[in-house]
Amino acid sequence: MTRAAHQASPGHDGSFVPSVQGLRGIAALSVLMDHFYDMPKGGMYDIPDPGFLPPLWLWLQSVINVGGHGVELFFMISGFLIPASLVRHGSLPRFFFDRILRIMPVFVVLHLALFAVGPVVGYKFFRGIDLTSYLGIFAANLFFVQDALGLPIAQQNAWTLTYEWAFYIWFALTFSMLRIGGRMLATPLILLGVACLMHWPITAFFCIGMLFSATGWRISIPGPLGLIAGLACGVAMYASLVLFHPFVGLVPGVLLFGMVLSPDSGLARALSTPALQYVGKISYSLYLVHPFVLFPLQVIGLKLVAVGVDRWLLWAAFILIGSLMSLVASAISYELIEVRLRRLLDGAVRTTFFRPLSKMEQSV
């Protein structure tokens, strides 16, 4: 059952949507699950049962391995929230200031920690690195241009932030051109967006969020049937991303997100449970922090399996201890960086930065 209720649609005006918060939690946990499968391999992919990963059924490997596609859920959420955020801010400088304040503190703290500790422990590309390469990789990753320059990605999950920033910039410019000069000025940017979709198909999932941000269309299937339908669409989306093409996954993705946004659907109610609300609240920290938490556990596991410790025991411990430590570390990161440091930076910078620039702000 579908309904078009533009004025009653939750989140259409940028208001908080509990089910979207819960979906954030699912996306972060999905990526975490994928790393529980990938990191025990210790970077060895061409031999059976590498590292301390125990022999698993092929179907179970496939199920766990699709977890990395939680990033498409994050893209859908950004596509839904960013348009309303831009309109609500009313100017490009304020919009980008708040985006920087939202994205950068956790990223920069982890970035500095990685480049301080990485050479000491010999983490990945830091082994035998020279100063010029060090500084180049440091700067490229800080400004999210490492892929364009063909340089290593430093933070394991931060590659998606390149897509996020590209989307923020593209949407803000396209929206501004539409408001200033209409379709004539916006057409080149729209064509650029289409070209990006063709070259990087996963970016099409931003479009799902944009669709629901621009319309009041929601899909309401209440009760257990709604939950089953939502889960089926989620499975179909993940399977399509692995077995077919990202564009095929757009169809179940649209159905899934339509049910997420309808407050009466069984899926939305399940996503609004307190546990998922909390995981969703700390999901950004969880997404970026957990590889740092899992890395020392990975090193310990690889050393213990080399001396004969049972792989099933090591993998189970890796999952249990890794889950607990990742959630605790993410909660601490959220409270100290996303809340307190962000509030401190906001109070110290906003007034001094925007007062002299207020006349220069570009209305959107």
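**Burial, packing and charge pairing in the predicted model**

At a relative accessibility of 10%, Phe144 counts as buried, where buried means under 20% relative accessible area, exposed over 50%, and partly exposed in between (1.4 Å probe, protein chains only). Phe144 is placed in the loop between α5 and α6 (146-149); helices here (H or I, at least four residues) are DSSP runs, numbered from the N terminus. The structure is a predicted model, in which local features need pLDDT of at least 70 and side-chain atom pairs count only at pLDDT 80 or more, while totals for chains, interfaces and linings use all residues. Residues are numbered from 1 along each chain as its sequence is written, and side-chain values use heavy atoms, with hydrogens and water left out.

The phi angle of Phe144 is near 60 degrees, a positive value in a residue other than glycine. Most residues other than glycine have a negative phi. Lys124 also has a positive phi, near 45 degrees. Lys124 is found in the loop between α4 (92-121) and α5 (131-142) and, at 47% relative accessibility, counts as partly exposed.

The largest nonpolar core has 60 residues. A nonpolar core is a set of buried Ala, Val, Leu, Ile, Met, Phe, Trp, Tyr and Cys residues joined through side-chain atoms within 4.5 Å. Leu73, Phe107, Met237, Phe257 and Val260 have the most contacts inside this largest core. Helix α3 (residues 70-89) gives the most to the core, with nine residues. Apart from this core lies another, of nine residues, among them Leu32, Phe36, Leu294 and Leu297. In soluble globular proteins, nonpolar side chains tend to be buried together.

Contact means heavy atoms within 4.5 Å. Not counting residues up to four places away in sequence, Val260 touches Ser19, Val20, Leu23, Leu267, Ala268 and Leu271. Gly70 lies in helix α3 and is buried, at 0% relative accessibility. With neighbours within four places in sequence left aside, Gly70 is in contact with Ala27, Ser30, Val31 and Tyr238. Gly70 and Tyr238 are 168 residues apart in sequence and 8.6 Å apart in space, C-alpha to C-alpha.

In helix α13 (residues 274-281), the buried residues are Leu276, Gln277, Val279 and Gly280. Seen down the axis of α13, these residues fall within an arc of 165 degrees, so they line one face of the helix; the arc is that of the directions from the helix axis to the C-beta atoms. The face of α13 turned away from its buried side carries the exposed residues Pro274 and Ala275. The cover over the buried residues of α13 includes α1 (18-38), α12 (266-271) and α14 (283-306). Gln298 is found in helix α14 and is buried, with a relative accessible area of 12%. Apart from residues up to four places away in sequence, Gln298 touches Met39, Gly42, Phe52 and Phe318.

Ile190, Val194, Met198 and Phe247 make a nonpolar surface patch of about 340 Å². Patches are made of residues with over 30% relative accessible area and no salt bridge, like charges being joined within 9 Å and nonpolar side chains (Val, Leu, Ile, Met, Phe, Trp, Tyr) within 5 Å. Accessible areas come from the Shrake-Rupley method with a 1.4 Å probe; for residues, only the protein chains shown count as cover. Helix α8 (residues 183-199) supplies the largest share of the patch, three residues. Val194 is found in α8 and, at 40% relative accessibility, counts as partly exposed.

The count of salt bridges comes to three, a salt bridge being a side-chain nitrogen of Lys or Arg within 4 Å of a carboxyl oxygen of Asp or Glu. The side chains of Arg350 and Asp98 meet in a salt bridge (2.5 Å, N to O). This pair links distant parts of the chain, with Arg350 in helix α15 (residues 311-354) and Asp98 in helix α4, 252 residues apart. Arg350 is partly exposed, at 21% relative accessibility, whereas Asp98 is buried, with a relative accessible area of 18%. Glu338 and Arg102 form a salt bridge through their side chains (2.9 Å, N to O). Glu338 lies in helix α15 and Arg102 in helix α4, so the pair ties together parts that are 236 residues apart in sequence. Arg350 also forms a salt bridge with Asp346, the closest N and O atoms being 2.6 Å apart. Both residues lie in helix α15, four residues apart, about one turn of the helix. Salt bridges that share partners join Asp98, Asp346 and Arg350 into one network.

Conventions
Helix = DSSP H or I, 4+ residues; strand = E, 2+ residues; numbered from the N terminus.
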